[in-house]
Amino acid sequence: MREIINIQIGNAGNQIGLDFWEALKIEHSLDCYGNLSHSTDYQQEKLDVYFFETINGSYCARSIQVDSDPDFMNQIQLSQTQNLFDQSSFVNGDSCSGNNFSKGYVQLELKDQALEAIRLQAEQCDNLQGLQLIRSLGGGTGSGFGSLMLQNLNDFYPKSIISNFCIFPYPGVNDIIVEPYNTVLSLPTLHSLSDICFSFHNGALYNILMKIIGNNTPSLKDLNGIVKQSISGVTALWRFPCQISSDMRKFAMNLISFPNLNYINIGLAPLCNKSYIPKKEMSLSEIFKALENNRNSVNHCRNIEQLVEFSSNYVFRKNNIQEEDITNLYRNEGYNQPLWIPDSKQMIQISQRYLNQHQQTALKIQSGSSVKEMLQSQLDSFNCLYKRKAFVSLYDNIDQMEFLEAKITLENIISDYNYIENCKNNFKVIDENHIQNNLTQFQQDSNSFTSINF
Ligand SMILES: Nc1nc2c(ncn2[C@@H]2O[C@H](COP(=O)(O)OP(=O)(O)OP(=O)(O)O)[C@@H](O)[C@H]2O)c(=O)[nH]1
Ligand SMILES: [Mg+2]
């Protein structure tokens with residue numbers, strides 16, 4: 001079996017992680033103590049990917065819950081869901097990282113404890129295929145401690161695929177002014193040490209809730225409902241028998257055309273309200289159109305004409321459709337737009353008979369330049385603060401070169417997306433060398449910074 005270990009970090013990571021495990025419990029028919037209840041062979045076939053069997057026959061999540069702040073960890077341990085987790089998998093410090101990357105980044109003791117907890121989980125695996133991190137980049141623990149973990153995970157598990165589910169901040173959802181610093185400072189490690197990055201922009205999630213679902217006062221819990229729908233949808237490829245992208249490595253092979261541009265966007269349909277009831281029933285053709293509509297995606301992208309789509313997986317977690325319906329739909333509804341990479345759109349149907357009608361959804365998992373606008377908005381917010389060096393002194397362990405390295409990393413990612421869009425729109429051939437290795441680029445660029453007067 002090819003196992004995956006989940007690592008949920010910080011407040012957002014743990015809130016979303018709990019929702020994720022709740023979804024898995026339902027989808028694999030486990031009760032709140034991790035016992036199988038009326039589950040079918042189909043639900044059990046790949047159960048070992050995310051769960052291991054304990055000596056008393058119940059199932060335990062392959063997961064580590066870590067936060068520098070003890071409060072939420074204590075709350076989880078009082079909840080029913082805690083029965084799904086092994087006691088050794090809870091790791092917490094004494095106080096939060098105060099929304100400061102540099103405070104999260106120096107939590108060395110917490111890092112050692114977390115690595116030990118992961119090692120214990122890895123011992124339960126025959127053939128670990130990958131690790132997945134869930135975290136937000138706006139807070140101190142998710143950004144700083146998450147970066148520290150990434151650096152170490154690569155050393156300890158060099159053969160495993162590492163994926164990140166990251167929440168990018170949006171000023172309307174939180175009002176911590178230094179969030180752009182935390183986010184941008186997380187990017188060098190995220191960029192160079194993570195194989196896949198699933199990005200979620202809180203602003204886009206907010207818009208989906210307000211404009212499509214009609215919830216005028218969305219809470220973080222509501223935002224997390226959409227993230228949960230996305231993560232359980234993506235991981236369904238790895239948790240159920242499936243022909244395409246059936247493990248993390250194959251998924252990365254199919255979706256990541258350029259290792260430097262490994263940000264993934266997700267579109268969902270139908271979008272559900274708080275009780276997971278879609279606003280209206282949708283036909284297959286309507287679902288397909290909704291998936292193509294950028295308003296249904298978890299990242300902002302207004303300039304659709306420019307957009308380049310490298311590859312996409314359309315995942316249908318619905319039962320009342322046949323495989324040929326999907327193939328016909330694909331032929332007829334056109335997806336007549338020329339494919340940028342031949343055969344790069346793949347239709348995947350996963351049977352989910354045990355899910356109720358409302359839990360059956362479809363998603364489009366897409367790599368391409370649709371995340372560029374979201375990344376640009378993070379860079380703009382960073383620049384607004386950084387041009388005045390505002391609040392830089394709070395980051396006492398981080399020197400100016402690290403701020404610059406982070407800023408340049410993000411600028412290079414955006415410029416690579418721009419380059420590809422430009423090639424596509426002007427029918428130019430892509431020069432692979434142009435998709436730079438950011439670190440090499442940074443080393444070259446940094447020579448010219450020595451003359452800058454901070
Ligand atoms: N979607 C979503 N975003 C969240 C949630 N909780 C916090 N955020 C966002 O995440 C950022 C703050 O990160 P947190 O996860 O609270 O911080 P942390 O990682 O625990 O770090 P510290 O508290 O600073 O130690 C802000 O941008 C929030 O808007 C959540 O449950 N869902
Ligand atoms: Mg916190």
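Student: Which helix gives the most to the shell around ligand 1?
Tutor: In this predicted model, local features need pLDDT of at least 70, side-chain atom pairs count only at pLDDT 80 or more, and totals for chains, interfaces and linings use all residues. Residues are numbered from 1 along each chain as its sequence is written, while chains are lettered from A and ligands numbered from 1 in the order in which they are written. Each of α1 (10-27), α6 (140-156) and α9 (220-239) supplies at least two shell residues, helices being DSSP runs of H or I with at least four residues, numbered from the N terminus. With 5 residues, the top contributor is α1.

Student: How many residues surround ligand 1?
Tutor: A residue counts if its C-beta atom, placed from the backbone, lies within 6 Å of the ligand. The closest are G10, G138, G139, G140 and G142. The shell divides into 9 nonpolar, 16 polar (Gly among them) and 3 charged (Asp, Glu, Lys and Arg). The total is 28.

Student: How is α13 oriented relative to α14, roughly parallel or roughly antiparallel?
Tutor: Helix α13 (residues 372-386) and helix α14 (residues 400-425) pack with their axes 10 Å apart, at an angle of about 150°. Angles over 145 degrees count as roughly antiparallel and those under 35 as roughly parallel. Therefore α13 is, relative to α14, roughly antiparallel.

Student: Which helix has the lowest mean pLDDT among the elements of the chain?
Tutor: The chain's mean pLDDT, the predictor's confidence from 0 to 100, is 87. Strand β8 (residues 196-201) has the highest mean among the elements, 98. The lowest, 46, belongs to helix α15.

Definitions and conventions. Axes are lines fitted to C-alpha atoms, for helices over the stretch in contact, and angles run from 0 to 180 degrees between N-to-C directions. Angles under 35 degrees count as roughly parallel, over 145 as roughly antiparallel, 65 to 115 as roughly perpendicular and the rest as oblique.
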